[in-house]
Amino acid sequence: MKVLLAVDGSKSSQEVVEQAARLPWPEGSEIEILSVAEVPSPAMAGPLPMPGAYYVEWEKALEDQATAAVEQALGRFRAIADPAIVVRGRYVKGNTKEALLDEAEKWGADLIMIGTHGYNPFERMWLGSVSRAITSHASCSVEVVRPRQEQTGPGLRLLVGVDGSACSKAAVREVAERPWPEGTEVRLVTAIHLPTTPTIDTWVLPDDYYQQAEQAGREQAEQVLGEAEQTLEASNQTRTSPIAISREAMIGHAEEVILTAARDWKADLILLGSHGYHAWERFLLGSVSQAIAWHAPASVQIVRIKEGGLEPAK
C-alpha cells in the first residue's frame with residue numbers, strides 16, 4: 001500500500017504524521033512524506049517592482065521551510081512507527097494543490113492523508129482549502145485527518161457508512177483488508193430514507209402507506225448491513241485480534257445519520273465510499289462524502305475505487 005502524507009509543518013500536518021505512524025499497515029507498505037514549496041510569482045509581491053535577488057531569497061526561504069517540515073515529520077514518524085515500515089520524505093516546488101495531486105498520481109498512491117486547518121466557511125471561500133481540493137480531485141482514496149476525540153487505548157472506533165452500492169462495498173473491503181490495532185471496533189451504519197408524499201391528494205394513499213414504506217426500508221437496510229457484516233466477519237478469521245462489529249439502521253438523510261452516529265459513538269475514523277461525481281454533478285447534487293468530510297467531528301476517509309477496476313485501493 002502506498003500512502004502519501006502531506007505536511008507543511010503546521011499542527012494539523014503533525015497530527016497526520018502522528019496518526020499514520022501509530023497505525024499498522026499491510027506488509028510491504030510504503031510511506032512518502034511530501035511537502036510543497038509554493039514558489040512566489042511577481043504578482044504575489046504587489047504592484048511595485050522588486051529586486052531579482054528578492055525572489056531568489058524568498059524562494060530559498062520557502063524551500064528551507066518545506067525541507068524543515070519534511071525532516072521534522074520524518075523524525076517524528078520514525079520515533080513512533082514500526083521500524084519495518086519503509087518511509088521517505090522529500091519536497092517539491094509548485095502550486096500546493098496541483099503538486100500534491102500530480103505527485104500522488106505519478107507515484108501511484110493508494111491513499112493520501114492530509115490535515116485540515118479548520119477554516120470557517122468564509123475563509124474557505126476566499127482562501128481555498130488544500131484538503132478540500134485533494135478530496136474533490138484525487139483519483140485515489142483520501143483521509144482528512146482530525147485529532148481523536150477520546151484516546152482510551154490503541155484500538156480505534158471505525159464508523160463505516162454503507163448503502164449497498166459498489167463504492168460503499170469498497171469502503172467495507174478497505175476495513176476488511178487492512179490491519180488495525182488491538183481493540184478496534186467497527187460500527188456499520190446505514191440510513192433509511194422514508195418517501196415524501198408523492199401527490200398532494202394524500203387521501204388516495206392507503207392508510208398504512210408510510211408503515212409499509214418504513215418496513216421495506218428496514219428490510220433493505222438489514223440486507224445491506226448483513227452483507228457488510230459478513231465481509232468483516234470473514235476478515236476476522238485471519239486476524240490475531242478480531243475487530244468487534246456492530247450495526248445500526250437509522251431513519252433520515254445519510255449525511256445526518258452518519259454525523260449523528262459519529263458524534264454519539266465518538267468515532268475516531270469515518271469511512272465512506274465516493275460515488276465519483278464530476279465537479280459539475282457535485283455542485284448540483286451535493287456529495288454526502290464531501291459534506292461529511294467537512295462537518296465530521298472525526299477523521300474521514302473517502303474510499304475510491306481505482307479507475308479501471310472494481311477493487312478499492314490497497
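Let me start with G94. At 24% relative accessibility, G94 counts as partly exposed. Where is G94 found? Look at the loop between strand 3 and helix 4. One more point on this glycine. G94 and V39 are 55 residues apart along the chain, yet their C-alpha atoms are separated by 6.0 Å.

A word of caution before we go on. This is a predicted model. Please keep that in mind throughout.

Now strand 3. V87 is found here. Buried or exposed? V87 is buried, with a relative accessible area of 13%.

R90 is partly exposed, at 31% relative accessible area. R90 and E32 form a salt bridge, with the closest N and O atoms 3.2 Å apart. E32 itself counts as buried, at 3% relative accessibility. The cut-off for buried is under 20%.

E103 forms a salt bridge with R90, and here the closest N and O atoms are 2.5 Å apart. E103 sits in helix 4 and R90 in strand 3, so this pair ties together parts that are 13 residues apart in sequence. E103 counts as buried too, at 11% relative accessibility.

Now widen the view. Which residues are linked with R90 in a network of salt bridges? The network links E30, E32, R88, R90, E103 and K106. And how many salt bridges does a search of the whole structure find? The search finds 17.

Here is another of these pairs, this time inside a helix. R22 forms a salt bridge with E18. Their closest N and O atoms are 3.1 Å apart. Both residues lie in helix 1, residues 11-22. They are four residues apart, about one turn of the helix. Why does that spacing matter? An α-helix has 3.6 residues a turn, so residues three or four places apart point the same way. R22 is exposed, with a relative accessible area of 53%.

Next, charge on the surface. E38, E98, D102 and E105 gather in a patch of negative charge there. Take E98 from that patch. E98 lies in helix 4, residues 96-107. E98 is exposed, with a relative accessible area of 52%.

Helix 7 runs over residues 166-177. Nine of its twelve residues are buried, so helix 7 is largely enclosed by the rest of the structure. Which ones are they? The buried residues are C167, S168, A170, A171, V172, R173, E174, V175 and A176.

Helix 11 covers residues 288-295. Six of its eight residues are buried, so helix 11 is also largely enclosed by the rest of the structure. Those six are S289, Q290, A291, I292, A293 and W294.

Last stop, K266. Find K266 in the loop between helix 9, residues 254-265, and strand 9, residues 269-273. What is its phi? The phi of K266 is positive, about 60°, although K266 is not a glycine. For background, most residues other than glycine have a negative phi. K266 counts as partly exposed, at 34% relative accessibility.

To wrap up, two things to find on screen. Second, helix 7, with nine of its twelve residues buried.

Technical notes
Residues numbered from 1 in each chain as written. Predicted model: local features only at pLDDT ≥ 70, side-chain atom pairs only at ≥ 80, totals over all residues. Heavy atoms only, no water. Patch = residues over 30% accessible without salt bridge, like charges linked within 9 Å, V, L, I, M, F, W, Y side chains within 5 Å. Areas by Shrake-Rupley, 256 points an atom, 1.4 Å probe, with all protein chains shown as cover. Salt bridge = Lys/Arg side-chain N within 4 Å of Asp/Glu carboxyl O. Lys, Arg positive; Asp, Glu negative; His and termini not counted. Charge placed at Lys NZ, Arg CZ, Asp CG, Glu CD. Helix = DSSP H or I, 4+ residues; strand = E, 2+ residues; numbered from the N terminus. Buried < 20%, exposed > 50% of the residue type's maximum accessible area, 1.4 Å probe, protein only. Expected span 1.5 Å × (residues − 1).
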